[in-house]
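Look at the sequence and the structure shown here.

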Amino acid sequence: MTIPAQRDRVEELTVGKGARLEELVDRESLSQLAKSFAELSGVGMRVFDSDGKLLADASLPVELVTYLTTLKVAKTAVESTVSSVKNLDPGPTGQASIDGVSGGRYRVLALEHDGRRVGRLVLGPYFPPSLKDIPAALIELEPALDLDRARGLLTMAPRVTDESMDRLAQHARAALDVVMFSGLKALLTGSMHLASVRESYRELQSKQDKLQVAYDRLKELDRLKSNFLATVSHELRTPLTSIIGYSEMLLEGIAGEVVGEQREFVTTIREKGEQLLTLIKGLLDLSKLESGTMSLRRGTLDVAPLVKDVAQTMAPHAKKKGIVLQADVEAGLPALWADGERLRQVLLNLIENAIKFTPTAGSVRISAKLASMAAASGADEGGLVLLGAQRTAVEFRVADNGIGIPESERGRVFDAFYQVDSSSTREQGGTGLGLSIVKRLVEGHDGAVRVEANEPQGTVFVVAIPLKRSTLRP
Amino acid sequence: MQLDFVNRELTIKLVYYGPALSGKTTNLQALHKVAAPGSSGRLMTLETKDDRTLFFDLLPLSFRSQSGLAVRLKVFTVPGQVIHASTRRLVLQGADGVAFIADSRTTETQANTDSFMDLKENLREHGLSLRQMPLVIQFNKRDLPDIRSDEEIAKLGAQGREPVYLAVAMRGLGVVESFIGLLHLTWSALDAEHDLGRKFGFDAREFMNGVAKKLGEQRGTDELLAACVGGALDVLRPEVTP
């Protein structure tokens with residue numbers, strides 16, 4: 001498992017080597033703090049990190065020291081003091097002092113954070129009140145020293161006792177400690193925020209990967225199922241052709257006269273065989289449609305002859321059940337660019353369904369007219385102005401006054417194998433494949449199919465086939 | 001664990017785990033209160049809202065053994081609320097020992113179980129098993145009504161592997177005992193794995209007594225360890241080869 005960088009960061013800040021001073025303090029704020037300390041105490045303050053880098057500088061000019069830097073020998077001595085102060089290690093006690101050539105004293109304190117030294121605090125120069133006169137060493141060292149002037153400047157230098165300095169140093173250290181603690185807290189909070197987000201992202205990503213695997217597997221299974229259906233349907237059809245063929249030959253008397261009950265039985269065999277064939281064809285169609293291997297053979301298609309033909313085909317079936325089948329085609333309909341055979345299958349399927357669910361003495365009506373349909377579905381989520389553009393379509397309506405479909409079921413009737421009422425299925429028969437095939441065929445034509453209620457009773461299936469194909473879908 | 005050979009410094013990470021509002025932060029506050037000023041740093045609480053921990057609390061403790069080894073203990077709490085799962089996993093990362101703070105109230109039994117399963121799962125995510133992790137269990141809030149009885153806890157505790165401690169963290173009772181128990185187990189495990197005692201000439205007993213003293217305890221380690229009501233304190237000790 002790879003560990004994200006931010007997690008490392010939190011680890012480093014808490015149990016690792018900790019934060020550097022520079023990361024814990026804001027340099028600008030630190031400078032202000034140092035300045036405020038210097039103004040309050042009259043003593044300069046400088047903060048160095050553990051590498052000796054100056055992070056904040058609030059040194060106050062002490063005129064005596066400034067004067068000494070104008071003198072040749074004393075200048076070197078002052079510079080040497082400054083450089084030793086810079087490099088002074090506060091030692092195990094965490095505190096050290098160093099006296100300059102002017103008699104000014106510097107206090108160097110270790111800055112500790114979480115038990116580790118992260119930097120140094122330098123306070124000074126300050127002049128202990130015990131220093132009454134210019135140090136003899138300085139007088140000896142610098143021959144060009146104007147003693148009166150130096151004495152005058154010494155009286156103006158900041159006077160702080162060592163005891164006061166102890167307290168000031170403690171205070172400065174405590175203030176810096178608070179600053180560092182707040183800095184670490186902010187640093188950790190930020191790092192934790194990032195680390196948490198990354199961790200959540202990682203978690204989501206791993207879930208997403210698992211889902212993707214599952215999805216790919218399902219897709220593969222679905223493909224296998226379709227292949228299986230196609231193969232099985234095909235294999236089933238072959239022996240069935242023989243069963244139907246031989247029963248037909250028997251009925252035709254090729255193998256001798258078939259009489260009485262024999263004829264009745266053979267007829268049943270043939271009828272049931274054909275029923276089975278229809279079912280298998282349906283399965284085959286569905287699997288072809290699902291696997292996308294069914295291609296439409298489109299051509300110019302006149303609507304009126306199509307509807308008439310379908311009505312004629314179904315008329316005997318309707319008549320047998322005592323149902324009136326009406327067909328009504330609007331005059332002057334333009335021709336469609338469609339697969340006539342498939343569209344015929346759609347209408348036959350819908351009419352057969354309508355007849356099946358309509359009681360004796362009811363009526364089924366098929367009509368075709370010019371209508372308009374939305375360019376694309378999905379406008380509920382917005383973009384209506386684009387998606388809702390109307391296209392001209394031929395609308396086929398198959399209306400019955402049968403048992404109807406409850407509104408809650410209307411969306412699902414197009415699912416494969418779905419039955420509104422399983423008990424009614426047994427009574428009415430059917431595989432639950434018809435409407436699913438219808439939907440796929442219609443969609444293959446870039447059209448749409450929907451169910452509406454027929455007033456006062458029954459169902460209307462509405463199929464809209466656009467005149468022009470949308471360029472959106474393949 | 002982080003080992004700095006140059007500076008002779010050992011950093012150990014201890015995590016207080018448990019369901020929301022079981023008293024993990026209160027345990028740390030109690031430890032912070034009793035710890036000697038030189039041994040304890042500031043208790044850091046990251047981002048709280050309504051007194052609930054959002055990221056973690058961190059109490060840094062540091063002790064020095066007579067052999068000169070500096071031992072830094074970083075004591076963390078995890079956020080108990082269920083939604084902070086990813087944060088818990090982050091905090092648990094690299095833990096050397098875990099104290100599970102359970103709420104003694106009978107109504108919280110399920111929350112305890114859920115949190116414990118969460119701990120197990122998160123350890124597994126880090127490639128660790130509960131069995132490998134030094135663990136003590138503390139039943140907190142012993143002063144409240146409708147709690148699981150002492151007898152019940154003692155009976156179950158005796159059958160279990162982990163040392164079980166009873167506590168009232170709000171009043172600081174049982175807090176040091178639990179902590180010493182955890183430190184003892186954690187040290188034993190780390191020592192068994194890295195042979196720290198020999199490498200650093202480290203006397204664990206002396207060190208533990210020192211820690212107890214720095215936590216304001218008059219009692220010695222043995223007495224503190226004996227406060228547990230079950231489990232074994234030596235399960236993680238190295239096998240003694242004859």
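Chain B puts 20 residues in contact with 18 residues of chain A. Contact means that C-beta atoms, placed from the backbone, lie within 7 Å. On the chain B side, the elements that give two or more residues are β2 (9-17), β6 (57-64), β7 (70-77) and α2 (85-92) of chain B. The largest share, four residues, comes from α2(B). By class, this side of chain B has six nonpolar, eight polar and six charged residues. Here Ala, Val, Leu, Ile, Met, Phe, Trp, Tyr, Cys and Pro count as nonpolar, Asp, Glu, Lys and Arg as charged, and the others, Gly among them, as polar. Helices (H or I, at least four residues) and strands (E, at least two) are DSSP runs, numbered from the N terminus.

The model is predicted: local features need pLDDT of at least 70, side-chain atom pairs count only at pLDDT 80 or more, and totals for chains, interfaces and linings use all residues. Residues are numbered from 1 along each chain as its sequence is written, while chains are lettered from A and ligands numbered from 1 in the order in which they are written.

Now turn to chain A. It has 14 helices and 12 strands. Of its 474 residues, 30% count as buried. Buried means 20 or more other C-beta atoms within 10 Å of the residue's own, with C-beta atoms placed from the backbone. Among chain A contacts with a separation of 6 or more, 66% join residues 24 or more positions apart.

One open sheet of chain A has five strands in the order β2-β1-β5-β4-β3, with antiparallel pairing. Strands pair if DSSP finds at least two bridges between them. The edge strands, β2 (54-58) and β3 (95-99) of chain A, each pair on one side only. Strand β1 (residues 45-49) of chain A pairs with β2(A) over four bridges. There, M45(A) stands opposite A58(A). Helix α3 (residues 27-41) of chain A lies across β1 and β2 of chain A, at about 30 degrees to β2(A). Axes are lines fitted to C-alpha atoms, for helices over the stretch in contact, and angles run from 0 to 180 degrees between N-to-C directions.

Back in chain B, look at a helix pair. The axes of α1 (residues 24-34) and α5 (residues 175-194) of chain B come within 9 Å and cross at roughly 95 degrees. That makes α1(B) roughly perpendicular to α5(B), a term for angles of 65 to 115 degrees. N27(B), A30(B), L31(B) and V34(B) of α1(B) meet V175(B), V176(B) and F179(B) of α5(B). By class, this contact has six nonpolar, one polar and no charged residues.

Technical notes:
Two residues are in contact if their C-beta atoms, placed from the backbone, lie within 7 Å. A residue is buried if 20 or more other C-beta atoms lie within 10 Å of its own, exposed if 12 or fewer, and partly exposed in between; C-beta atoms are placed from the backbone. Angles under 35 degrees count as roughly parallel, over 145 as roughly antiparallel, 65 to 115 as roughly perpendicular and the rest as oblique.
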